[in-house]
Amino acid sequence: MAPTSYQPPTRGDKADTSTHSQSVESNLSHTQTTVAKLLSGKGDAVFAVRPNDTIHSVVNTLRDKRIGAVVVTDQNGKLQGILSERDIVRRMADTPGQTLPQSVEDLMTREVKTCSPDDLLNDVLKTMTEGRFRHMPVVADGNLRGVITIGDVVHFRLKELEYEALRMKQMIVG
């Protein structure tokens, strides 16, 4: 019997074996992650203060809750502003020894950038980076739904990357 020559496989010889990890959808899935997905894992706790509260009380809240900003709401919970550690430190530099008795409404940022639960995390991250702020209230139907930080977004994305790497490793080994 004569030996046969080797023929490399051609397109029709095998079924399409592209893996899920090779699809455009899976490679770009993180770009489709929404604020709602982040909040579902983080929770929707919001630390709010009133416009007439003193900076002294806010400083205690920031310390006790180990947070970097508070939202300012009216008696109905409607967003009025936001106040961060950075705002307080800047005012302390301008009015040394006179800042703590001042009211929140004197320091707060009134024009607050917000996002909705349906916004994409990548878009929110871009807005926060360009605006040079680290906290963003989440508002839906005019109601405050939570607050996300740039740290929340980065942490969430790192967890996604770890999960994606683990899945790829399992596909290679398995």
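Where is R66 found? In this predicted model, R66 lies in the loop between helix 3 (55-65) and strand 2. The backbone there carries a positive phi of about 55 degrees, although R66 is not a glycine. R66 is exposed, because its relative accessible area of 77% is over the 50% cut-off.

A second residue, D141, presents a positive phi near 55 degrees and is likewise a residue other than glycine. D141 is placed in the loop between strand 4 (135-140) and strand 5 (143-149). With 75% relative accessibility, D141 counts as exposed.

**Overall architecture and confidence**

The secondary structure of the protein consists of seven helices and five strands. Along the sequence, these elements follow the pattern α-α-β-α-β-β-α-α-α-β-β-α. Of the 174 residues in the protein, 28% are buried. Among contacts with a separation of 6 or more, 57% join residues 24 or more positions apart.

The average pLDDT of the protein is 85, and 82% of the residues score at least 70. Among the elements, strand 2 (residues 69-73) has the highest mean pLDDT, 97, whereas helix 1 (residues 24-27) has the lowest, 45. Over residues 16-28 the pLDDT is below 50, and this stretch has eight contacts in the model beyond near neighbours in sequence. Where pLDDT is low, the predicted coordinates should not be read in detail.

Two packed helices are described by the angle between their axes and the distance between the axes. The following table gives these values for two pairs.

| Helix pair | Axis separation | Angle |
|---|---|---|
| Helix 2 (residues 35-42) and helix 7 (residues 150-173) | within 11 Å | roughly 90 degrees |
| Helix 6 (residues 121-131) and helix 7 | 10 Å | about 140 degrees |

The axes of helix 2 and helix 7 cross at roughly 90 degrees, which makes helix 2 roughly perpendicular to helix 7. On the helix 2 side, K37, L38 and K42 take part in the contact, and they meet D152, V153, F156 and E160 in helix 7. The residues of this contact comprise three nonpolar, no polar and four charged.

Helix 6 and helix 7 pack at about 140 degrees, so helix 6 is oblique to helix 7. Helix 6 passes helix 7 in a left-handed crossing. Helix 6 contributes L121, L125, M128 and T129 to the contact, and helix 7 contributes I150, V153 and F156. Here the division is six nonpolar, one polar and no charged.

**The surroundings of V46**

Which residues does V46 contact, leaving aside its neighbours within four places in sequence? V46 is in contact with V71, L144, G146 and V147. V46 itself belongs to the loop between helix 2 and strand 1 (48-49). The C-alpha atoms of V46 and L144 are separated by 8.4 Å, although the two residues are 98 residues apart along the chain. V46 has a relative accessibility of 29% and therefore counts as partly exposed, since that class lies between the cut-offs of 20% and 50%.

How values were computed
Residues are numbered from 1 along each chain as its sequence is written. This is a predicted model: local features need pLDDT of at least 70, side-chain atom pairs count only at pLDDT 80 or more; totals for chains, interfaces and linings use all residues. Side-chain values use heavy atoms; hydrogens and water are left out. Axes are lines fitted to C-alpha atoms, for helices over the stretch in contact, and angles run from 0 to 180 degrees between N-to-C directions. Helices (H or I, at least four residues) and strands (E, at least two) are DSSP runs, numbered from the N terminus. Angles under 35 degrees count as roughly parallel, over 145 as roughly antiparallel, 65 to 115 as roughly perpendicular and the rest as oblique. Contact means heavy atoms within 4.5 Å. Ala, Val, Leu, Ile, Met, Phe, Trp, Tyr, Cys and Pro count as nonpolar, Asp, Glu, Lys and Arg as charged, and the others, Gly among them, as polar. A crossing is left-handed if the near helix is turned anticlockwise from the far one by less than a right angle, and right-handed if clockwise. pLDDT is the predictor's confidence in each residue, from 0 to 100. Buried means under 20% relative accessible area, exposed over 50%, partly exposed in between (1.4 Å probe, protein chains only).
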